[in-house]
Number of protein chains: 4
Amino acid sequence: MLIVLDPQISPAQRSAIDETIRAAGCSIAEMPSRRGLLLLVDGDLDRLRQVPLKVFAGVSKVVGLSKPYALNSREHQAEPNVVKVGDARIGGGSLTVIGGPCAVEDRETLLAIANEVKASGANLLRGGAYKPRTSPYSFRGLGLEGLLMLRDVGLETGLPTVSEITDPRHIEACVSNVDMVQVGTRNMSNFDLLVEIGKSGHPVLLKRGRSATIADWLLAAEYILAQGNPNVVLCERGIRGFDPAMRNTLDLAAIPAIQARSHLPIIIDPSHATGVSAYVPALARAAIAAGADGVIIETHTDPTRARSDADQAMLPADFRDLCEDLRLMHRVANRSIDA
Amino acid sequence: MLIVLDPQISPAQRSAIDETIRAAGCSIAEMPSRRGLLLLVDGDLDRLRQVPLKVFAGVSKVVGLSKPYALNSREHQAEPNVVKVGDARIGGGSLTVIGGPCAVEDRETLLAIANEVKASGANLLRGGAYKPRTSPYSFRGLGLEGLLMLRDVGLETGLPTVSEITDPRHIEACVSNVDMVQVGTRNMSNFDLLVEIGKSGHPVLLKRGRSATIADWLLAAEYILAQGNPNVVLCERGIRGFDPAMRNTLDLAAIPAIQARSHLPIIIDPSHATGVSAYVPALARAAIAAGADGVIIETHTDPTRARSDADQAMLPADFRDLCEDLRLMHRVANRSIDA
Amino acid sequence: MLIVLDPQISPAQRSAIDETIRAAGCSIAEMPSRRGLLLLVDGDLDRLRQVPLKVFAGVSKVVGLSKPYALNSREHQAEPNVVKVGDARIGGGSLTVIGGPCAVEDRETLLAIANEVKASGANLLRGGAYKPRTSPYSFRGLGLEGLLMLRDVGLETGLPTVSEITDPRHIEACVSNVDMVQVGTRNMSNFDLLVEIGKSGHPVLLKRGRSATIADWLLAAEYILAQGNPNVVLCERGIRGFDPAMRNTLDLAAIPAIQARSHLPIIIDPSHATGVSAYVPALARAAIAAGADGVIIETHTDPTRARSDADQAMLPADFRDLCEDLRLMHRVANRSIDA
Amino acid sequence: MLIVLDPQISPAQRSAIDETIRAAGCSIAEMPSRRGLLLLVDGDLDRLRQVPLKVFAGVSKVVGLSKPYALNSREHQAEPNVVKVGDARIGGGSLTVIGGPCAVEDRETLLAIANEVKASGANLLRGGAYKPRTSPYSFRGLGLEGLLMLRDVGLETGLPTVSEITDPRHIEACVSNVDMVQVGTRNMSNFDLLVEIGKSGHPVLLKRGRSATIADWLLAAEYILAQGNPNVVLCERGIRGFDPAMRNTLDLAAIPAIQARSHLPIIIDPSHATGVSAYVPALARAAIAAGADGVIIETHTDPTRARSDADQAMLPADFRDLCEDLRLMHRVANRSIDA
């Protein structure tokens with residue numbers, strides 16, 4: 001850490017700074033400069049970062065020279081994390097496709113969709129039971145009843161299951177019934193929920209908050225890892241943008257940006273990102289071409305009867321074609337195919 | 001509701017649409033147009049809105065002609081809502097100033113700050129006990145111990161208290177110890193939490209989500225009102241912007257925009273909006289000039305010892321001057337002063 | 001166009017509206033509704049759209065039922081536009097790669113880069129001579145001298161050339177020396193410049209404005225087409241986002257969104273979008289996978305000597321590998337390869 | 001400037017860096033640190049900033065310790081700039097109100113509006129003759145004919161005039177006919193236009209670009225100042241936001257942020273910021289309360305006949321009331337009134 005002092009700093013101000021730094025167990029080296037004296041500070045910087053040095057009188061600038069230590073970082077773990085969910089493995093060079101309806105609506109419909117998902121060669125089944133909806137008057141999901149339907153259909157089709165958790169009080173119900181919990185965009189910064197998931201050790205799909213930076217998102221993941229749970233998969237699902245042409249702005253540059261910083265797998269949700277099912281195939285292919293570890297896609301046997309997000313659900317035949325495209329694309333992206 | 005049909009619609013497609021509309025108990029009137037037949041639909045539109053008419057084959061456009069009904073709307077209640085918090089009343093033409101530290105740190109510091117807040121003529125005392133922090137390694141508040149300190153200091157100084165709630169499991173502890181709970185920007189869409197607060201009937205300060213539209217925010221408030229709790233005060237605290245010069249972008253146009261739509265009081269948080277204490281007075285004055293019902297401002301007797309958000313805390317003397325300015329500004333904004 | 005009248009409209013207000021509509025040569029049909037009388041207006045709506053019907057007393061809502069007519073739309077021209085630039089053809093199923101330095105710096109460097117671009121199999125050579133720079137103290141390009149260097153190096157290597165135009169007074173110099181002019185993000189709404197380019201009939205690469213919606217961008221293209229110049233290629237280069245991790249937010253969903261609306265070709269600029277050369281290959285591959293007609297990429301033989309945007313320039317060997325990847329990816333995206 | 005070297009830097013890499021720094025006439029001092037050797041560089045840093053030191057092999061980080069020198073900065077000129085426009089003076093503690101129609105439509109209407117503006121006590125008359133419009137099919141203004149009407153009406157009413165310039169080829173016509181030229185949001189980064197205005201020495205109202213940061217905007221102003229023209233007034237008019245409730249997001253925090261950095265006056269345009277005339281009074285009052293030097297507001301005697309931006313134009317009677325409010329607010333903001 002580098003501190004640039006104000007040239008007019010008083011001896012008392014200087015003493016206050018020095019004492020604070022030394023109280024945090026850090027060392028100080030001085031270096032004169034035209035803009036004022038520089039202090040190069042070393043030692044337990046994580047502790048010193050808790051102190052608001054910027055607001056001390058006599059300090060004109062504080063510059064961090066090293067990144068805060070993070071369990072999710074490449075510096076901490078060089079090889080990619082692989083997260084095991086039932087029989088599936090996410091990350092480490094494999095392709096993961098998660099398919100299913102936005103919400104679990106009834107057992108029959110869910111089973112019909114799950115059979116299509118299975119037949120398409122996808123790896124996991126999604127289905128919401130606790131649905132966070134913008135309006136309190138929209139369908140909010142079947143709750144525990146929906147979770148149990150999802151569990152049964154998952155067992156019947158042999159597909160591991162993913163479902164959203166929105167409340168720390170549901171942790172037992174979710175962990176005991178689904179193979180992977182999902183934290184949605186609205187709850188990325190619900191830290192109490194993240195801590196509970198961390199304690200559970202259960203696999204988790206952590207969606208990016210609608211206005212979260214890459215750094216915010218990795219720090220949210222860190223809440224889970226810091227509790228001893230390494231089973232975190234990141235999911236980019238579009239960030240808030242200004243264009244009414246699409247529901248969100250899909251940030252595919254997050255793929256290389258995350259991979260440069262973190263060992264966590266990253267998958268893409270083109271369904272929520274655009275809200276337009278016709279745009280989903282192009283963006284799913286792009287995600288795999290850019291190196292994503294997988295995609296999560298909404299599919300429904302009858303979108304006209306879907307109780308949420310009908311606009312973005314693909315029909316089963318289109319979903320099947322897309323899965324085939326993605327397998328080819330994945331081989332190209334991994335250079336296991338020749339021109 | 002108006003539905004524009006595709007000119008190439010088949011009789012079977014048309015039947016499916018008509019049946020769906022009639023099944024929801026709505027009536028249909030037809031009107032021919034060059035762009036295809038128009039259906040004017042009337043009746044229980046709230047029910048029909050649950051159906052994804054847009055994805056029906058043969059429909060080219062669906063146009064809403066009326067707004068969904070909302071408890072927070074001016075249409076529902078013309079006169080402004082007034083929320084009683086202890087002895088304070090927020091809304092309805094009065095000026096509310098909430099002051100205090102970002103976080104409760106220790107009893108002595110809190111009491112010193114509270115005495116300054118009281119002496120400045122402010123109305124409520126703020127202080128965080130459960131702190132949502134971007135990094136899991138930052139200070140996250142004293143929890144219940146902090147709540148109890150806040151309660152005691154509130155009683156000692158005669159100031160009603162406000163503190164953040166982040167977890168539905170804390171509802172009892174919060175409701176029984178503080179006069180008003182605050183939902184922070186990260187939890188505006190934590191709907192399970194909102195429902196609990198709704199059930200409690202306790203006064204709540206609902207901050208705007210960092211990427212929430214005006215409509216999203218009012219629907220979040222609606223979650224609370226729909227549970228029978230009318231004691232909601234909105235708080236604009238800056239939305240996500242692109243300029244690194246400030247922590248957030250303060251959207252003061254939310255004041256007239258909310259007032260045109262809703263009867264709920266609205267206050268402004270210039271401290272979090274900018275993250276720069278030097279900008280706080282100008283924006284607090286602007287908020288009152290624009291017609292806000294109040295402001296919430298961070299103040300600390302010694303920002304160099306603050307354990308969070310030190311950059312944005314005002315010193316007590318500056319806070320006192322600002323409170324005076326705001327009272328004058330409020331009289332001008334309410335035309336109770338002459339030039 | 002549909003006009004919802006206020007139930008309390010007076011006869012005089014109603015007359016004023018009717019006269020205005022009829023004066024624009026449009027017809028009116030009435031339809032009663034619970035929310036007030038509806039007027040269905042047909043005829044020369046482009047003319048009527050110039051009138052601010054929304055502000056007429058007695059009007060509560062105006063709803064457009066059809067899109068404004070546009071030369072760039074799929075409705076106007078179903079087949080994709082193909083733009084010929086020298087020997088190259090952009091759009092219509094071919095893959096276009098444009099490579100070269102951010103700025104023309106000197107003849108020798110430019111020739112060395114151009115030879116690499118040619119050897120990599122790319123199709124066009126880029127190089128800025130008139131550089132819009134955020135700071136007036138940055139290098140602003142060699143101007144006409146740079147254009148002439150680019151022309152000579154283009155002729156020597158057989159590569160058609162692209163260079164930015166920033167001023168309508170440069171139209172002659174640009175059109176007579178480069179094969180395609182580029183309008184940068186800062187000038188997308190410089191309509192006087194667009195009109196001049198429209199009149200020239202010259203091929204143009206129209207970058208998306210940093211805060212332009214899809215609709216804004218297509219209307220900017222329309223300025224050029226409306227002058228009789230159909231030779232417009234769109235270029236997505238990242239829009240303004242909130243994350244400091246990247247220079248801009250690359251909006252790859254613009255590819256299917258543009259293709260759904262317009263017959264104009266679209267290419268992607270991952271270099272400016274991210275500002276990080278290490279992220280360029282992943283995003284270039286993603287662009288082609290999503291169906292883009294090409295990419296424009298910065299490459300430099302010695303980034304340490306580059307006078308602008310050094311961070312985002314790829315080294316020639318990396319550029320060559322990427323070009324190979326893109327050709328394979330293009331065959332996969334066009335299904336001209338089997339698994 | 002501080003350069004953090006990679007601990008694995010080779011002697012050849014180190015030499016390349018040192019030579020480049022010395023070639024720019026700068027000095028180097030070394031300082032060892034745990035993260036690698038630090039180089040403290042001093043001297044002609046403006047020159048060295050042209051070199052992309054970050055991309056040199058062996059450099060892990062470059063940190064600027066001082067701001068680039070700028071003519072618009074408080075460091076360059078401590079006292080506020082005052083810009084003289086005809087008889088009006090903008091900045092330095094006075095209140096400036098600019099009123100008038102969006103576009104000059106005909107002489108009679110303009111004169112009627114101008115008389116109202118004058119009677120309201122406003123200081124300058126606005127009116128667009130060259131109108132940049134998103135669609136090429138919208139009314140684009142009367143051009144030179146409109147400028148001449150504005151000049152005549154300005155002379156007749158004694159109001160100095162402001163009108164937009166969009167093309168460097170119009171500089172003579174604009175400078176000789178209007179008292180102040182305006183650069184609109186779409187042309188803030190039209191640097192060729194800014195340079196011409198800089199050379200003219202004419203007063204200019206420089207609107208903020210829709211996606212410009214505070215730093216981008218000040219650098220655009222710097223283009224004008226760098227040509228020897230100090231007569232620059234900044235105008236915040238809303239930045240691109242995500243909420244469809246308003247046309248733009250008005251960033252009133254720009255007022256203290258600009259005043260902390262620059263000596264240039266700043267005024268606010270609430271009409272374009274919101275696009276809703278009913279919100280204009282609240283935000284105009286807020287702007288003056290926050291310390292702005294003035295406002296620019298659209299007013300029209302008959303918005304139903306306005307040929308652009310009718311939604312945001314105030315009626316003359318409302319404009320007059322607002323002007324009175326603003327004068328009172330200005331006295332309060334300047335503490336020339338007592339409670």
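What covers the buried residues of H4(C)? I'll come back to that once we've had a look around.

Quick housekeeping. What you see is a predicted model, where local features need pLDDT of at least 70, side-chain atom pairs count only at pLDDT 80 or more, and totals for chains, interfaces and linings use all residues. Residues are numbered from 1 along each chain as its sequence is written, while chains are lettered from A and ligands numbered from 1 in the order in which they are written.

Let's start with chain A. It has eleven helices and 14 strands; those are DSSP runs, helices being H or I with at least four residues and strands E with at least two, numbered from the N terminus. Its C-alpha atoms fill a box of roughly 75 × 50 × 40 Å along the principal axes. Of its 339 residues, 59% are buried, and buried here is 20 or more other C-beta atoms within 10 Å of the residue's own, with C-beta atoms placed from the backbone (12 or fewer is exposed, in between is partly exposed).

Chain A splits into domain 1 (2-63) and domain 2 (83-333), with bounds that come from an automatic or database domain assignment. Taken over C-alpha atoms, the centres of those two domains of chain A sit 46 Å apart. As for contacts in chain A with a separation of 6 or more, 67% are between residues 24 or more positions apart. Two residues are in contact if their C-beta atoms, placed from the backbone, lie within 7 Å.

Now back to chain C and helix H4, residues 144-157. At 1.5 Å a residue its 14 residues should span 20 Å, and the end C-alpha atoms are 20 Å apart, so that agrees; the expected span is 1.5 Å times one less than the number of residues. Buried in H4(C) are C:Gly146, C:Leu147, C:Met149, C:Leu150, C:Val153 and C:Gly154. They cover an arc of only 160° around the axis, which puts them on the same side of H4(C); the arc is that of the directions from the helix axis to the C-beta atoms. And the cover I asked about? It includes helix H3 (107-119), strand S8 (124-126), strand S9 (161-164) and helix H5 (171-177) of chain C. Just after H4(C), C:Gly158 takes a positive phi of about 75°.

On to how the chains meet.

Last bit, symmetry. A rotation of 180° with 0.1 Å of shift along its axis superposes chain B on chain C, RMSD 0.1 Å, so the two copies are related as by a two-fold rotation axis.

Key
Copies are superposed by least squares on the C-alpha atoms of residues with pLDDT of at least 70 in both.
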